[in-house]
Amino acid sequence: MKFTEFKIKGMTCDHCAQTIAKKFSGNEGIVSKDISYSAGSGKFEYDPEKISKEEIAALIDSTGHYKVAGEIAKNENVAPSPIPSGGSGGGQFDLIIIGGGSAAFSAAIKAESLGLTTLMVNAGLNFGGTCVNVGCVPSKNLIRAGETAFHAKHSNFDGIKPKGVDIDFAKVIQGKKKMVATLQEKKYMDVVSDFQGLTLLNGWAEFVNEKTIKVAPLPSGGAGGRLFTGLKFLIATGATTSVPPIEGLNNVPYLTNVSLFDLEQQPESLIVLGGGYIALEIAQAYQRLGTKVTLLQRSPFVLSKLTPDISDELMKHLCREGMTIQTGLTFTSVKEENGKIKVQIEKHGETKLFEAEKLVVATGTKPNTGKLGLENIGLKLTKSGHIEVNEKMETNLRNVFAAGDVADTPAYVYTAAFEGKIAVENAFAGADSKADYSSLPWVVFTDPQVAGAGLDEAEAKAQNIPFEVSKLELKDVPRAIAANDMRGFIKLIRNTETDKLIGVRVVAPEGGELIQQLSMAIKYGITVKDLAESFCPYLTLSEGIKLAAITFDKNVSQLSCCAS
């Protein structure tokens, strides 16, 4: 079998990709195909004795609407070489990466700089993984779209009366798809397109032993694939939505972030199951774009891993925007009836029924480890099913590393990229690189945003650290007063013995823009006294950090704006 990938012009939606795919239905020369609107390409595994590359291109061109714009140079052809385990030979590599997201690409970039031969095997999402295809990039784009619509209908100033907004929802989604395709190409595929040591392969990877994987072609994922051997392996297969065991849920057409973001027909109403950051970001974005959103959560409050004051503050503002939020629920059943999805819940012994046109499941994630054959190599997993790693991304097997959402580490795109890099450094360069997440910054992109770094008060207490909390409401921050937007607070946690900042939590419009400097303050041992005596530009949100630091010793609401 051989592989090829063509750039295809003219696709405007997923239906276009399906139209092209139908051209190859029943063609015996095509072993597998993957036509992607978002990537703007078509990938083919084919039998050269039955069909040629030129014939594949001609079939695409024969549609009349779509044209081949050339072959993508870095295709999936793998130079065969003998392998000791026998079977259908595939090749030998220094590094085999299983997965195609941020951790995988970061690892591949580092591997190329070290002169390694690398095989990246990807299945499921397009190359680029969750972040660019169905996660960070599309969600933040829709969040900003929703914010634009919201501000066209709401004003913080009495003298300004917005006249509303016309929303072409399909165009918003089409713009999102175009942006995703562009970034997937420019930030992932183009970056590695001229790598000499890297081979990209679409297929399902399964460990045969500690040195060998079997790769089955897509879409079947069946037996009988090619074998590849590697000196070292990096598992970076990410995570997917964890679907709760609710009666009837698997019998209804529910959505996840993977499918929701491609829906060009706007739902009139939407039920979102979940109360984590993914659920909240989705819920607010679609509410602001004109969909009536109901969010249902099992825990007593949203963002349940954080302290309740954060949840209370955020829920207050989301509800003011018209969103319905119900927490502390037990889900009893889900069914589809008369074109509506109906979710039955119990709360305090009372039964209630919620219904909407569409249902989104956003109840957390689970690591993608189920089809990797990890039982064949004895790789150690945590109770949650994540791959257990140390700070060097090492597993219990000396030649197998793991990085990103599949590992038991913080699940962010920037941590995944960092982990992929240091895994390769440690595997091949003896770098002894370690991940230290004690000052890790993070952001929930609701409005107001929720951001943090370091410990909160509950975590400090659990670690027996003597601490003190300063909490400054935004109503006492001049920037917020001037903007007539005083939603939220800044909370600092300090070690009372050293005066060093050990944690921060922010709820504020664009509060995420504050968190990097506070993360650096925690990392480098800056004291609260240092923060209180620092210079901050007047009428910036960052001045709130200085004021929150002063609040440990003074009541800033009683101070002049010129006080220091």
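Reply: Let's start with the pairing: strand β9 (residues 212–216) and β10 run antiparallel and are joined by 4 bridges. Before going on, note that this is a predicted model, where local features need pLDDT of at least 70, side-chain atom pairs count only at pLDDT 80 or more, and totals for chains, interfaces and linings use all residues. Residues are numbered from 1 along each chain as its sequence is written, and side-chain values use heavy atoms, with hydrogens and water left out.

A word on terms: strands (E, at least two residues) and helices (H or I, at least four) are DSSP runs numbered from the N terminus, and two strands count as paired if DSSP finds at least two bridges between them.

Back to the strand. T212 has T229 in β10 as its bridge partner. β10 also pairs with strand β20 (residues 400–402), this time parallel, through 3 bridges. There, I235 stands opposite A402 of β20. How covered is β10 (residues 226–235)? Mostly: 9 of its 10 residues are buried, where buried means under 20% relative accessible area, exposed over 50%, and partly exposed in between (1.4 Å probe, protein chains only). As a general point, side chains in a regular strand alternate between the two faces of the sheet.

Now the helix. α10 covers residues 413–428, 16 residues in total, and should span 22 Å at 1.5 Å a residue; its end C-alpha atoms are 23 Å apart, which agrees. The expected span is 1.5 Å times one less than the number of residues. Buried residues in α10 include T415, A416, E419, I422, A423 and N426. An α-helix has 3.6 residues a turn, so residues three or four places apart point the same way. Just after α10, G430 takes a positive phi of about 60°.

On to the charges. A salt bridge here is a side-chain nitrogen of Lys or Arg within 4 Å of a carboxyl oxygen of Asp or Glu, and by this rule the count comes to 27. In one of them, D485 meets R487 at 2.7 Å, N to O, and both residues are buried. Salt bridges with shared partners tie D485 and R487 into one network with R288, E321 and D447. Elsewhere, E533 and K529 form a salt bridge at 3.0 Å, N to O, and E533 is exposed, with a relative accessible area of 52%. D476 and K475 also meet, at 3.5 Å, N to O; D476 is partly exposed, at 21% relative accessible area.
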